[in-house]
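I opened the notebook for a look through this fold.

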Amino acid sequence: MAPSRRYRVAQWATGNIGTRSLRAVVEHPDLDLVGVFVHTPDKAGRDAGELCGLGRTEVLTTYDIDEILALDADCVLYMPRACDFDEVCRLLASGANIVTTRGEFHRAASLAPELRARVEAACAAGGTSIHSTGSSPGFITEAVPLALTSIQRRLDRLTIDEFADLSQRDSPGLLFDIMGFGRPPAEFDERRLAHPRDSFGPSLHVLADALALPLDSVRAEGEVATATSTVRIAAGTLEPGTVAAQRITVSGIRDGRPLLRFRATWYCTTEIDRSWNLRSTGWRIQVEGDAPLDIDIHFAVPLDRIAEVSPSYTANRAVNAVPFVCEAAPGIRSTTDLPQIVATLN
């Protein structure tokens, strides 16, 4: 579907993903950047192009939500670190549609009833819609599996593996202090499991509902593997017996067994004490049914450039969704509520 008109777009937040999204909007042939919201006063009043490495755009950033509300934007690309439902409802009620890389809106039924009612009321007031998307969850848990299951007549199980080789990631604070690599192995606590369950569970529900195989529940579990020898990586050194790989599996349960699985594996070396069949950074999708499939998707980028390129995988799908969300009926819109998202390329 080609855009039926030009769309006025505001970018909300300019972090890692937001900055890449901002650049994509400026360069898009059918989108007009009209505003940029920033979360720190020191970024306010700067030209948007300065923040995303482009020339001047004559669009200045703001720290004031009222200035964004006054823009009459068709769509806001909402990409903050945390979701503020008051902000979301004000934007929607003002007449601005929202495409977000936040995970709260993949599936309306997964929201708490009172929050869902607030958001839907704001959509009704503004005649607007909101849609969550990105690379993972989004593209790899919804768009790709929907295409692959279109040639099935029986689905026994679908497994999505995501692999991330962190050996060249020079971020000791992230790997050692936050993720716990290089430490003695320990059980995953509920806090660490809740985030992936809440992020990927609604997306798996969307897929299951589309297949008319609704899930009974979603569960998450985590496990670690340890280094079998001393390993030196960009961020430091891993000693034998310390955590060198981690895996979290989010399973959609139907009739007492996993029907859909998303499994994320992060590793700093392949020299581990588990037989995890580690693959290069990217995705693998296995479809078990009457038309079995085994699909590998690799990121064709050197490891030392992954951090530079990876934001595009998330930001681009959100930007490409803008025309489709603007033309959608008011409400919280899932992937299956929208036409297939097709990019309009330069």
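**Entry 1: the mixed sheet**

I looked up an open sheet of six strands, which runs β8-β11-β12-β7-β13-β14 with mixed pairing. Strands here are DSSP runs of E, at least two residues long, and helices are runs of H or I of at least four, both numbered from the N terminus. Two strands pair if DSSP finds at least two bridges between them. At the edges I found β8 (217–226) and β14 (293–298), each pairing on one side only. Neighbouring strands in this sheet are turned by 15° against each other on average, direction ignored.

Before going on, I noted the ground rules. This is a predicted model, in which local features need pLDDT of at least 70 and side-chain atom pairs count only at pLDDT 80 or more, while totals for chains, interfaces and linings use all residues. Residues are numbered from 1 along each chain as its sequence is written, and side-chain values use heavy atoms, with hydrogens and water left out.

Strands β11 (residues 243–254) and β12 (residues 257–267) run antiparallel and are joined by 10 bridges. Isoleucine 248 stands opposite alanine 264 in β12.

Helix α6 (residues 139–148) packs on this sheet, touching β7 (155–165), β12, β13 (282–289) and β14. Contact means heavy atoms within 4.5 Å. The direction of α6 makes about 40° with that of β13. Axes are lines fitted to C-alpha atoms, for helices over the stretch in contact, and angles run from 0 to 180 degrees between N-to-C directions. I also traced helix α8 (residues 190–210), which lies across β8, β11 and β12 and runs at about 40° to β11.

**Entry 2: the parallel sheet**

Seven strands form an open sheet in the order β3-β2-β1-β4-β5-β6-β15, with parallel pairing.

I picked out β4 (residues 75–78) and β5 (residues 97–100), which run parallel and are joined by four bridges. Leucine 77 has valine 99 in β5 as its bridge partner.

**Entry 3: a pocket**

How much space lies in the second largest pocket? I read off about 420 Å³. A pocket is an open set of points on a 1 Å grid over the protein atoms alone, where a 1.4 Å probe fits, with protein on both sides within 12 Å along at least five of seven lines; lining residues have an atom within 4 Å of a point. The volume is the space filled by probe spheres set on the points, which are joined across faces, edges and corners.

There are 23 lining residues, and the closest to the centre are Phe139, Ala143, Arg317, Gln340 and Ile341. Helices α6 and α10 (311–326) each supply at least two residues of the lining. By class I noted 14 nonpolar, eight polar and one charged.

Which way does the peptide bond from serine 136 to proline 137 sit, cis or trans? It is cis, with omega near 5°. Proline 137 is in the loop between β6 (129–132) and α6.

Alanine 13 has phi near 90°, a positive value in a residue other than glycine. I placed alanine 13 in the loop between β1 and α1.

Key. Nonpolar A, V, L, I, M, F, W, Y, C, P; charged D, E, K, R; others polar.
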